[in-house]
Each structure stands twice: as C-alpha cells, then as structure tokens.
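I opened the notebook to look up a few side chains and what they touch. The entries below follow the order in which I checked them.

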Amino acid sequence: MMEQKREGSQSWVVKIILGLIILSFALTGVYSYLRGGPGANAAAEVNGQSISRTDLERAYQNERARMEAQSGDMFKQLSGNEAFMQQLRRGALEQLVNQHLVADAISQMGLRVSDDQVKEAIRGIEAFQDNGKFDNERYLAVLRNQGLNPSKFSEMMRADLARQQFVEGILATSFVLPDEAKALYAASRQTRDIDSVTVKAASYLDKVAVSDDEIKARYESEPQGYMAPEKVALDYVELSADNLAKDIQVSDDEIGAYYNDNPNQFKRPEQRRASHILFTGDDAEAKAKAALKEIKAGKSFADVAKADSADKFSAEKGGDLGWNEKGVYDPAFDTALFGIKKEGDVVGPIKSSFGYHLIELTGVRPEAVKPLAEVKDQIKADIAKKKADDLFYDKQDKLEKLAFENPDSLQGAAKAAGLTVKHVALFARDQVPADVNYPKVLDAAFSDSVKLDKVNSEVIEAGKEHVFVVRASDYKEAHRKSLDEVKDAIAKTLRTEKAEAKAKATAQTLLDKLNAGDDVSAWLTEQGLTLETSKGVNRQDQKLAQAIVHSAFEQEKGGKELVALANGDSAVVKVDAIHAYQPTDADKPVIEMWQKQLAQQRSNEANKQFIDALRETAKVKYFNISNNG
C-alpha cells in the first residue's frame, strides 16, 4: 500500500517492471497516466487535451531502451544518427496521440472496469510475484521505485484494462467461420505433382564473350558508380579503467584496514516488521478507532485486517508488510512505527497520505555491523576500483597533456602513460575493425583535423572511464575507381548478364514448344537439359527452388510457366496433378488455432481502420518535439 523500497529495488525487479509494465503502458495505452492539461510544455494537443513533453520523453526513453535491448551494439551506431532518433521520437509521439484518441472513444462508449478486475490483473503481473505467488512487499517496493503509489497504479491498470475490453470488442466483430479456417488449412496442406526443367546460367558463361568496347560503355554509362569509399589508417592509444583493474592486487591487510576504518559503511540499520490496517473514506478515522477497540478487547489484529483493511493485498496476510528499515514508509507511518516501544504493541489511528492506519509492531532486528566475511569481496572490489580509477585519471592526464603538446606523434604520450601505440590498417566507415568500433572514435578518425592534418585527436570518451587518442597514419579520399581497376569486375557482370539472358531465352523456347504440344525429349537431350519430376510437392518444400514451388501453387492443373530463379537461372514449371487434403479430427486443434490467428489479423486491421477514422475527425496539433526543445 505505502511501502517504498529504495536501493533494494535497483535490481532485476526494476528491469522486469520496466520491460513488462512501463513500456507496455507507455506505448499501448494507459491514458489516465499520460493525460495532462494544456500548457506551454506540450508536445502535442489532441482534441484540446495536452500531451506533455514529459509524457513524450518517458515514452521516447522507454522505446529507446527497448530498441537498445533488442539491437545491442547496432543501436550504438543508430543512436548517432540524429535523423533516426528524431524519427524514433516522432513514432513515440504518434503512439501517444493514438492512445488519447482511443481512450476518448472508450470513455464515450462507457466501458468500465471493476475493482476486482483491477485486483486480479495486478496479482497476475510476474514482476510482483515471488515463486509464482503475488508478493505485496515486492509490489509496493517496485511501485515506490517507479515513483508510483498503489492508488495511482490501480488507475493506470483500470485504464489499460478498459483499452483491453475495447480490443476484445473488436475481436468479437472480427470473426472467422470454422469452415473458412478449415478450407484455408486444407489448401495449405494441398500437394502437387510437377515437372520442371532448370536452365542454368552458368552453363553459358563459357559461350559468351565481352568486348573492351562493351566494358568501357558500361563504365561510362554509370558515372556515379564504381566508387571507392574514403579510408583511414590509425595509430591509437587506448586507456580503460577496467583493463587497469585486472592487474591491481588488493591484500588482506588492506581489506581489514578498510573494514576497521569504515565501520559505519557496513552497518545494517535497525529493521522492523509491521502489520497494518488501512481505513479510507470520510469516516476512516472513526472506523479505525472502532477497530482499535475490538483489538484491545481481544480480537486478533490479523482477523481485523483481513476483514476491514482497504489494503486488500496485505490484508490477505493479516496486514503483514514484511521487514523494512527506517525511511521506507510514508513519513507519518514511518515515525509511528519506529516509535513503538515493544513487539506486539498496536498504535493508531495514524494519518498518512493514504488514509488512517492501525500499526502493530511484529518484529525488531537491532542495528548491527556486518561481519568482515560477509563484505570482504565487496571491499576488495571497491578498493580495486578506486585504485584503478585513480590510476586511470592519472594516466589520462598525462596522455591528454602530452598528446596535445606533441600533436605529430603518439609515442611520447603513450610512453608517459605506460601505454602502447596500436595500429589499424586502412578501413572504411562500413568496415570498421572491432578494436576501434566506437561512434565517437569513428567521428574523430574521419574528422578533417585527424584524416587531413594528421594530428593527434583530443581525448575521446568511448565509454565510462574508457578513452582513446587517435591520429591518422594514412588516408585515402573517396574516389571513382579507374577503368583498369574495375575492368575485370565489369567483364564478369556483363558475362553473367549475357549468360542469364541466354538461359532465359532457352527456357522460353522450351515453354513455346510445350505450349505448341511438341515432344521435347530429343530437344532437351540436345540442350543438355533434364526434366525433373517431383511428386507430392508441398508449400514448404525445401528441395526445390522457392520460385519453382511458388509457381507450382499459383497455376491450375496443366499450367506451364517460365520463372526466374534467385540465382539467375531460369526454369519452366508444369503442374501435372493437384492432390487435395481432407482434414481429420487430428487437425482440429491446428484449425482452431488458425481460426484464432486469422481473427486476430482481421481485428488488428479493424483496430487500425478505427484509429485512422478517429484521426480523420480529430484535431491534432504538433509542437516542437526535438531533444533540445
């Protein structure tokens, strides 16, 4: 209800909540959470309702985090493209506009969600569960970490469930009849017998010639083609705190001294376990006082919590909130709890921002210093990190100073910092060696001062406590390759094109003969071609070329067709027989799945059409949505 974890929730739980809840809500429709009043800080306005820049930034950052998690290192390159990132931001805004439009429509339809529905939905979120069961302590901790309270979150869930009701309503109108799904499934299982002849382009390569005039004509016909990209070769010095830390030794004496000198750092603060009963509404205080009388008269605190508490999740456990340290709860609640003298005492009513509480102290863990064995590894890592950081910044200062004072060489700077000058040979932007493949390093490498003036770059921050200094040892500007450089490549292309054309012409001759009713057996032998008969070909056949399979299922029985294959060959395909498939009882589960999937596809299209219709009549205004306002 009001429990709020701080450092403890900075863990995998937060990652889960971001993945499962925040992204979902930001980009699928928790309207009440996003809705704001009109103002100067608006990114857009939908039918008079403002979408704030804060809302947009939240949605944008969530989408950015999702893409980074999916794309990894590729996203590092994409994030350096300002146009791409602006497109990502605009996409997030369009999603928010759609959410407002749909939410308005939902409101007009009068869709409502009950308290029980909200409760069950929250209980079903894995981020709030421990071993498959809802955990109230985890629920409250995660909400606190995201700056939410249970009341706010419940309204978010209510809005999202209303949207789901709307989607389900669309699903109900987008149905697929069982016979329709059955017919489509049967068609998918149909097989065919076909004859095919493949004419390989490679067999004509030795039979075609390409003249120097043809090569020159092709070269001159493409004045913007045959370009060589600019390339740079680099000398560089790399400095990383992580690499330095690998060689740092930390003794047991250092660990012991650190432990003894910093006892406060290893104190485990007093923790208290509490149960509470929450009362809300206009008569909350009166109800709390009445409940307190019942408890003092001998009624179990847990029984009263289960019967009367407005915090339904903790009520199921008799009001239990688990163990927490001071500063986690609402201030008024926190002060009251840590002011209780002994276990078993009950205080209240206590007024907080959530209502009135009765609080029972059920356990106390006194303040204590953690034993050295428990924190030894942590201390060792901290000492090593500090040593590495100190060494890193010392070396960085030397590197930066000497690289600037001696811009024509990296040797002196590298030697002073105890580092080695490394080298990468000429490379283009689209073929970057892994060792220097960092966006800021590439920007520096291809800057005019480095690639043209061949002076040392400034210190480049590639990551946290990870820097480079680079200088160009060689540079080749972008240029059009000479005819002599590309002559062989052009000749190969022209020969391939001619061979493919001859293969197609031969296939066309075969098709013409078949259409004329000729016996082509002798002709195929003369051409060195083979007729291949394939029985029971299905749509997923992997033995035949994809284009041949596609052609086989596009034609009627007896049909003939010339098809171009992906590798440049040509083929003639003839359908000899079509074998229908009769679904059996064993196919029923699959057909039912098809029916649901087809209905889902239709509902998605209906949803899109609905939003498009809303946009046609909506009044949407866009304001400046760039990163810098």
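**Entry 1: contacts of Ser 196.** I looked up what Ser 196 touches, leaving out neighbours within four places in sequence, and found contacts with Thr 530, Leu 531, Glu 532, Ile 548 and Val 572. I noted that the model is predicted. Ser 196 sits in strand β5, which covers residues 191–199. Is Ser 196 buried or exposed? I read a relative accessibility of 2% for Ser 196, so this residue counts as buried, the cut-off for buried being under 20%. I also checked Ser 196 against His 276, which is 80 residues away along the chain. Their C-alpha atoms are separated by 79 Å.

**Entry 2: salt bridges.** How many salt bridges does a search of the whole structure find? I wrote down 33. Side chains of opposite charge can pair when their charged atoms come close. I then went through some of the pairs.

**Entry 3: Arg 123 and Glu 316.** I found these two side chains joined by a salt bridge, with 2.9 Å from N to O. The pair links distant parts of the chain, 193 residues apart. Arg 123 belongs to helix α6 (residues 115–123), while Glu 316 is in the loop between α15 (312–315) and β10 (320–325).

**Entry 4: Lys 289 and Glu 285.** I read 3.7 Å, N to O, for the salt bridge between these side chains. Where do Lys 289 and Glu 285 lie? I placed both in helix α13 (residues 284–296), 4 residues apart, which is about one turn of the helix. Lys 289 is partly exposed, with 43% relative accessibility. Glu 285 is also listed as partly exposed, with a relative accessible area of 34%.

**Entry 5: Asp 390 and Lys 386.** Here I noted a salt bridge of 3.0 Å, N to O. Asp 390 and Lys 386 are in helix α17 (residues 372–405) and are 4 residues apart, so about one helical turn separates them. Asp 390 has a relative accessible area of 44% and is partly exposed. Lys 386 has 51% relative accessibility, so this residue counts as exposed, the cut-off for exposed being over 50%.

**Entry 6: a network.** Which residues are linked with Arg 90 in a network of salt bridges? I wrote down Glu 94 and Arg 615.

Definitions and conventions
Residues numbered from 1 in each chain as written. Predicted model: local features only at pLDDT ≥ 70, side-chain atom pairs only at ≥ 80, totals over all residues. Heavy atoms only, no water. Salt bridge = Lys/Arg side-chain N within 4 Å of Asp/Glu carboxyl O. Helix = DSSP H or I, 4+ residues; strand = E, 2+ residues; numbered from the N terminus. Buried < 20%, exposed > 50% of the residue type's maximum accessible area, 1.4 Å probe, protein only. Contact = heavy atoms within 4.5 Å.
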